[in-house]
Amino acid sequence: MSHNTIALNKQLQPLDHLDSVWLFGYGSLIYKADFPYLQCKPACIYGWQRRFWQGSHDHRGTPQAPGRVLTLIEAPGARCAGMAYEVTPDTFEHLDHREKNGYLRVFTELHWLDEPGQTQGLVYLASADNEAYLGPDTDAAIAAHIASSEGPSGPNSDYLLQLAQALREMDEQDEHVFAIEQQLLKLL
């Protein structure tokens, strides 16, 4: 599958028939909401965990030297916390471009962190069958890759450090993110 997924997302998940859609952010969408939204709530999804296994050719790296950004992998019993944004369907013109590098929109159940209840929402996932997928590596190797990567959105290290800070502000633990952050801080 091509790493540019804009057209595929529009084809597979048309949203024009909806008044609003909840979007779950688990990476930069937690701390960088550069789009209009109707409301925002901390939320989590079950059965998934973050991994720095996706390449970034367009934001935190280049086509010649992609950075590393997050995707989700299935993990029974796992819980991934983030931020949910209620948006209008036209917001996906911007979001599909922002998340075009191998990510497909998938509906999943979102659970609120600060109140009871849940709803259906969209999440962007990048699976192993997209051209930008980099796959697993050691924490030290991922940190070294992140330390040496930069793209139009800035240094790859900023992505990781801002995410780690945002998770701490939410009082959330993520062993993968924090382990790579520790390795990265040794290199900076």
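Contact is taken here to mean heavy atoms within 4.5 Å. The structure is a predicted model, in which local features need pLDDT of at least 70 and side-chain atom pairs count only at pLDDT 80 or more, while totals for chains, interfaces and linings use all residues. Residues are numbered from 1 along each chain as its sequence is written, and side-chain values use heavy atoms, with hydrogens and water left out.

Helices (H or I, at least four residues) and strands (E, at least two) are DSSP runs numbered from the N terminus. Two strands are said to pair if DSSP finds at least two bridges between them. Residues are termed buried under 20% relative accessible area, exposed over 50% and partly exposed in between (1.4 Å probe, protein chains only).

Strand E1 spans residues 21-25. Five of its five residues are buried, so E1 is largely enclosed by the rest of the structure. In a regular strand the side chains alternate between the two faces of the sheet. In E1, Val 21, Leu 23 and Gly 25 point one way, and Trp 22 and Phe 24 point the other way. E1 pairs with E3 in the antiparallel sense through five bridges, and Trp 22 stands opposite Glu 86 of E3. With E5, E1 runs parallel and is joined by two bridges. Leu 23 stands opposite Leu 122 in E5, and Phe 24 stands opposite Val 123 in E5.

Strand E4 (residues 104-112) is also paired with E5, in the antiparallel sense and over eight bridges. Arg 105 has Tyr 124 of E5 as its bridge partner. E4 and E5 form a hairpin with five residues between them, and Gly 117 in the turn has a positive phi of about 120 degrees. Thr 108 also belongs to E4. With a relative accessible area of 16%, Thr 108 is buried. Beyond its neighbours within four places in sequence, Thr 108 is in contact with Ile 45, Trp 48, Thr 119, Gln 120, Gly 121 and Val 123.

A nonpolar core is defined as a set of buried Ala, Val, Leu, Ile, Met, Phe, Trp, Tyr and Cys residues joined through side-chain atoms within 4.5 Å. The largest such core has 46 residues, and those with the most contacts inside it are Phe 24, Tyr 26, Phe 52, Leu 72, Phe 92 and Val 177. Strand E3 (residues 67-87) supplies the largest share of this core, nine residues. With neighbours within four places in sequence left aside, Phe 92 is in contact with Leu 15, Val 21, Leu 23, Val 87, Arg 105, Leu 122 and Tyr 124.

Arg 68 is another residue of E3. Its relative accessibility is 6%, and Arg 68 therefore counts as buried. Apart from neighbours within four places in sequence, Arg 68 is in contact with Phe 52, Trp 53, Gln 54, Leu 134, Gly 135, Asp 137, Ile 142, His 145, Ile 146 and Asn 156. The C-alpha atoms of Arg 68 and Tyr 31 are separated by 17 Å, and the two residues are 37 residues apart along the chain.

Pockets were located on a 1 Å grid over the protein atoms alone, a pocket being an open set of points where a 1.4 Å probe fits, with protein on both sides within 12 Å along at least five of seven lines; lining residues have an atom within 4 Å of a point. Grid points are joined across faces, edges and corners, and a volume is the space filled by probe spheres set on the points. The largest pocket has a volume of about 360 Å³. It is lined by 25 residues, of which Ser 28, His 59, Arg 98, Glu 99 and Tyr 159 are the closest to its centre. The elements giving two or more residues to this lining are E1, helix H2 (28-31), E3, helix H3 (92-98) and strand E5 (118-125). The lining divides into ten nonpolar, nine polar and six charged residues, where Ala, Val, Leu, Ile, Met, Phe, Trp, Tyr, Cys and Pro count as nonpolar, Asp, Glu, Lys and Arg as charged, and the others, Gly among them, as polar.

The second largest pocket holds about 210 Å³ of space. Residues lining this pocket include Arg 50, Cys 80 and His 176. Strand E2 (39-56), E3 and helix H6 (175-187) each give two or more residues to the lining, and the largest share, four residues, comes from E3.
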